[in-house]
Amino acid sequence: MKPNELRVGNLVKNQYDEKAIVIRGYDINDLCEGMDSEVFQPIKITENWLLKFKFDNNHWATKWILENMPIPTGIEYVHQLQNLYFALTGTELAFENEIK
């Protein structure tokens, strides 16, 4: 992953054990200084992740919605969803459950 795709607080996978981790400032700094960009992998958006973020499944429209905002086409990964939500609202996308 490229450093410009990430913000502090983004959720990504660790390539070594596939566990979700929270990006810290020093992680982005390490990437900027040449650390292997494959260390962090994006997390695919799944129903489980959307439920953790308190999205509702609008079955009649087959869209997931949070605060009247559907997920736009092209958003595939958790960190993209977090970044978009922050850009639109100015607040972090909170998750309900423990990271697994």
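User: Which residue in E3 stands opposite Lys13?

Analyst: Gln41 in E3 stands opposite Lys13. This is a predicted model.

User: What makes E1 and E3 paired strands?

Analyst: The bridge count. Pairing needs at least two bridges found by DSSP. Two bridges join E1, residues 11–14, to E3, so the pair meets the cut-off. The two strands run antiparallel.

User: How many bridges join E1 to E2?

Analyst: Three bridges join E1 to E2. The cut-off is at least two, so E1 and E2 count as paired. E1 and E2 also run antiparallel. In E2, Val22 is the bridge partner of Leu11.

User: How many residues lie between E1 and E2 in the hairpin?

Analyst: Five residues lie between E1 and E2. In that turn, Glu18 has a positive phi of about 65°.

User: What is the strand order in the open sheet?

Analyst: The order is E2-E1-E3, with antiparallel pairing of the three strands. E2 (20–22) and E3 (40–41) stand at the edges because each has a single partner strand. One side of each is therefore left without a neighbour in the sheet.

User: Is Asn14 called buried or exposed, and why?

Analyst: Buried. The relative accessible area of Asn14 is 18%. The cut-off for buried is under 20%, so Asn14 qualifies. Asn14 has its place in strand E1.

User: What does the side chain of Asn14 reach, and why is that called a polar contact?

Analyst: The Asn14 side chain reaches the backbone nitrogen of Tyr16 at 2.7 Å.

User: Why is Gly25 called neither buried nor exposed?

Analyst: Gly25 has a relative accessible area of 39%. Buried needs under 20% and exposed needs over 50%, so Gly25 is partly exposed. Gly25 is found in helix H1, residues 25–32.

User: How far apart are Gly25 and Leu6, in sequence and in space?

Analyst: Gly25 and Leu6 are 19 residues apart in sequence. In space they are 9.8 Å apart, C-alpha to C-alpha.

Notes:
Residues numbered from 1 in each chain as written. Predicted model: local features only at pLDDT ≥ 70, side-chain atom pairs only at ≥ 80, totals over all residues. Heavy atoms only, no water. Helix = DSSP H or I, 4+ residues; strand = E, 2+ residues; numbered from the N terminus. Buried < 20%, exposed > 50% of the residue type's maximum accessible area, 1.4 Å probe, protein only. Polar contact = N/O pair within 3.5 Å; in protein donor to acceptor, adjacent residues only side chain to side chain.
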